[in-house]
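Please look over the structure below. The questions that follow take it piece by piece.

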Amino acid sequence: MSFIIDQNRCVKCAYCEFLCPFGAVKHTVENRTDIFTIDETLCRSCGLCAAYCTNACISPAPGVKIRKKVYIDENACIGCSLCQRACRFGAISGVLKEKFRIDADRCIKCGLCAEKCRKNAVVTEYED
């Protein structure tokens with residue numbers, strides 16, 4: 001599982017749906033009631049929805065590891081640019097065949113860059 005929306009606390013503002021860059025938040029109507037859910041197959045567990053929920057009704061599902069920090073190990077990076085090309089948010093900079101870097105202010109910690117890196121140079125630290 002990824003994140004869970006507490007339907008009893010949700011005020012149906014749809015900000016989570018608007019904010020999710022992966023289209024994981026789904027809106028349906030059941031018995032004339034708006035229901036917002038998170039599609040596990042699309043969720044990257046970046047936590048944007050939870051961080052910006054105006055009513056604090058989105059939380060990680062039990063067992064979900066939350067990424068605290070993502071960075072590139074300069075000793076392992078070969079400058080191939082796969083991580084940079086995978087990043088949808090312009091958080092990775094560098095020049096081909098040189099070391100790449102992640103801008104922590106732009107990174108949403110979705111893990112796409114880590115999945116594409118063939119040298120395991122993208123390091124992810126998780127919250128305890």
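**Loops, rings and charges**

Arg44 is found in the loop between strand 3 (33–38) and helix 2; helices (H or I, at least four residues) and strands (E, at least two) are DSSP runs, numbered from the N terminus. This is a predicted model, in which local features need pLDDT of at least 70 and side-chain atom pairs count only at pLDDT 80 or more, while totals for chains, interfaces and linings use all residues. Residues are numbered from 1 along each chain as its sequence is written, and side-chain values use heavy atoms, with hydrogens and water left out.

Q: Does Arg44 count as buried or exposed?
A: Buried means under 20% relative accessible area, exposed over 50%, and partly exposed in between (1.4 Å probe, protein chains only). The relative accessibility of Arg44 is 18%, so Arg44 counts as buried.

Q: Which residues does Arg44 touch, not counting residues up to four places away in sequence?
A: Contact means heavy atoms within 4.5 Å. With residues up to four places away in sequence not counted, Arg44 touches Phe22, Arg67, Cys110, Gly111, Leu112 and Glu115.

Q: How many aromatic pairs does a search of the whole structure find?
A: Rings of Phe, Tyr and Trp (its six-membered ring) pair if their centres lie within 6.5 Å; planes under 30 degrees apart count as stacked, over 60 as edge-to-face and the rest as tilted. A search of the whole structure gives a count of two.

Q: Is the pair of Tyr15 and Phe18 stacked or edge-to-face?
A: A pair of aromatic rings is described by the distance of the centres and the angle of the planes. For Tyr15 and Phe18 the centres are 6.1 Å apart and the planes lie at 25 degrees, so the pair is stacked.

Q: About how much of helix 1 separates Tyr15 and Phe18?
A: Helix 1 covers residues 15–19, and Tyr15 and Phe18 are three residues apart in it. Tyr15 is partly exposed at 33% relative accessible area, and Phe18 is exposed at 64%. Because they are three residues apart in the helix, the separation is about one helical turn.

Q: Is the pair of Phe22 and Phe89 stacked or edge-to-face?
A: The ring centres of Phe22 and Phe89 are 6.1 Å apart. Their planes stand at 75 degrees, so the pair is edge-to-face.

Q: How many residues apart in sequence are the parts that the pair of Phe22 and Phe89 ties together?
A: Phe22 lies in the loop between helix 1 and strand 2 (25–30), and Phe89 in the loop between helix 3 (82–86) and strand 6 (92–93). Phe22 is buried at 13% relative accessible area, whereas Phe89 is partly exposed at 21%. Given these two loops, the sequence separation is 67 residues.

Q: Which residues does Tyr52 touch, not counting residues up to four places away in sequence?
A: Tyr52 is in helix 2 (residues 48–52) and is partly exposed, with a relative accessible area of 46%. Tyr52 and Cys16 are 36 residues apart in sequence, yet 7.5 Å apart in space, C-alpha to C-alpha. Leaving out residues up to four places away in sequence, Tyr52 touches Tyr15 and Leu19.

Q: Over which ring does the charged end of Lys65 sit?
A: A charge sits over a ring if NZ of Lys or CZ of Arg is within 6 Å of the ring centre and within 35 degrees of the ring normal. The charged end of Lys65 is 4.7 Å from the centre of the ring it sits over, that of Tyr126.
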